[in-house]
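Q: I am new to this structure. Can you show me how to read it, one feature at a time?

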Amino acid sequence: SVEIPTVISKPELMLATPKECYVAVLLHLADKHGIPHSESLTPRQLLEFGEPTAELTEFIKHYEQIRYAPKTGEEDIAKLAELAGKILKQ
């Protein structure tokens, strides 16, 4: 009998809010680089694992701007989600 491997897919990640984008990128990097206790890392600390890509550097900068800005527009969140999507494909 031939054994057919089971593929377990990751749940679909939502990228609708800055927090969802950040958590998705955080979990991706934790998995990719084997980062323990990743939930306690600051955004800047994420740049210390591996060789930070231009997308990750821009994502962190944009995330911090959104996080500390008094008002965040839809286009800011869309840009963050776009960057997160690119990072998740790397």
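Q: How many residues does helix 3 have, and what span is expected for it?
A: This is a predicted model. In it, helix 3 covers residues 74-88, which is 15 residues. From first C-alpha to last it reaches 21 Å, close to the 21 Å expected at 1.5 Å a residue.

Q: Which residues of helix 3 are buried?
A: Start with the general idea. An α-helix has 3.6 residues a turn, so residues three or four places apart point the same way. Now the case here. Leu80, Ala81, Leu83, Ala84, Gly85 and Ile87 are buried in helix 3.

Q: What do the buried residues of helix 3 pack against?
A: Their partners are helix 1 (18-33) and helix 2 (54-68).

Q: Which residues have the most contacts inside the largest nonpolar core?
A: Val25, Leu46 and Phe59 do, in a core of 19 residues. Helix 1, helix 2 and helix 3 each supply at least two of the core's residues. Helix 1 gives the largest share, six residues.

Q: Which residues is Phe59 in contact with, beyond its neighbours within four places in sequence?
A: Phe59 contacts Cys21, Tyr22, Val25, Leu80, Leu83, Ala84 and Ile87.

Q: Where is Arg44 found?
A: Look in the loop between helix 1 and helix 2. Leaving out residues up to four places away in sequence, Arg44 touches Ile60 and Glu64. Arg44 and Ile60 are 16 residues apart in sequence, yet 6.9 Å apart in space, C-alpha to C-alpha.

Q: What is the mean pLDDT of the protein?
A: First, a rule. Where pLDDT is low, the predicted coordinates should not be read in detail. Here the mean is 86, and 86% of the residues reach 70 or more.

Key:
Residues numbered from 1 in each chain as written. Predicted model: local features only at pLDDT ≥ 70, side-chain atom pairs only at ≥ 80, totals over all residues. Heavy atoms only, no water. Helix = DSSP H or I, 4+ residues; strand = E, 2+ residues; numbered from the N terminus. Expected span 1.5 Å × (residues − 1). Buried < 20%, exposed > 50% of the residue type's maximum accessible area, 1.4 Å probe, protein only. Contact = heavy atoms within 4.5 Å. pLDDT = per-residue confidence, 0-100. Core = buried A, V, L, I, M, F, W, Y, C linked by side-chain atoms within 4.5 Å.
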